[in-house]
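Trainee: I would like a close look at a single part of this model, together with its surroundings. Could you take me through it in one connected account?

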Amino acid sequence: MRRANHDKVTPVQLIACANCGEPVVPHRACGSCGHYKGREVKPAKAKA
Ligand SMILES: [Zn+2]
């Protein structure tokens with residue numbers, strides 16, 4: 001019997017993006033708008 005591993009994995013903590021309010025991983029640029037710490041650090045993801 002292989003034991004499922006997912007109960008030991010630390011859940012990803014999400015914070016609300018200060019710019020767009022989307023849940024984002026802390027210390028990462030927002031994947032939705034590309035903002036981090038009040039600055040746009042990467043281009044926003046182009047949505048089709
Ligand atoms: Zn954002």
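Mentor: Leaving aside residues up to four places away in sequence, Lys-42 touches Ala-29 and Gly-34, where two residues are in contact if their C-beta atoms, placed from the backbone, lie within 7 Å. Lys-42 itself lies in the segment after β4, strands here being DSSP runs of E with at least two residues, and helices DSSP runs of H or I with at least four, both numbered from the N terminus. Between Lys-42 and Ala-29 there are 13 residues of separation in sequence, and their C-alpha atoms are 7.2 Å apart in space. Lys-42 counts as partly exposed because it has 13 C-beta neighbours inside 10 Å; by the rule used, a residue is buried if 20 or more other C-beta atoms lie within 10 Å of its own, exposed if 12 or fewer, and partly exposed in between, with C-beta atoms placed from the backbone.

Before going further, please note that this is a predicted model, in which local features need pLDDT of at least 70 and side-chain atom pairs count only at pLDDT 80 or more, while totals for chains, interfaces and linings use all residues. Residues are numbered from 1 along each chain as its sequence is written.

The other partner of Lys-42 in that pair of contacts, Gly-34, is placed in the loop between β2 (23–24) and β3 (35–36). Gly-34 is partly exposed, because 17 other C-beta atoms lie within 10 Å. Not counting residues up to four places away in sequence, His-35 touches Cys-17, Ala-18, Asn-19, Ala-29, Cys-30 and Glu-40. For one of these, Ala-18, the C-alpha atom is separated from that of His-35 by 8.0 Å, with the two residues 17 apart along the chain.

Two further residues can be set beside this part. His-27 lies in the loop between β2 and β3, and its phi is near 65°, a positive value in a residue other than glycine; His-27 is exposed, with 8 other C-beta atoms within 10 Å. Val-12 lies in the segment before β1 (15–16) and is exposed, with 8 other C-beta atoms within 10 Å, while Val-12 and Val-25, 13 residues apart in sequence, are 7.3 Å apart in space from C-alpha to C-alpha.

As for the chain as a whole, its secondary structure comes to zero helices and four strands, and 4% of its 48 residues count as buried. Among contacts between residues at least 6 apart in sequence, 0% join residues at least 24 apart. The mean pLDDT, which is the predictor's confidence in each residue on a scale from 0 to 100, is 81 for the protein chain, and 88% of the residues reach 70 or more. Confidence is lowest in strand β4 (residues 39–40), at a mean of 78, and highest in β2, at 92.
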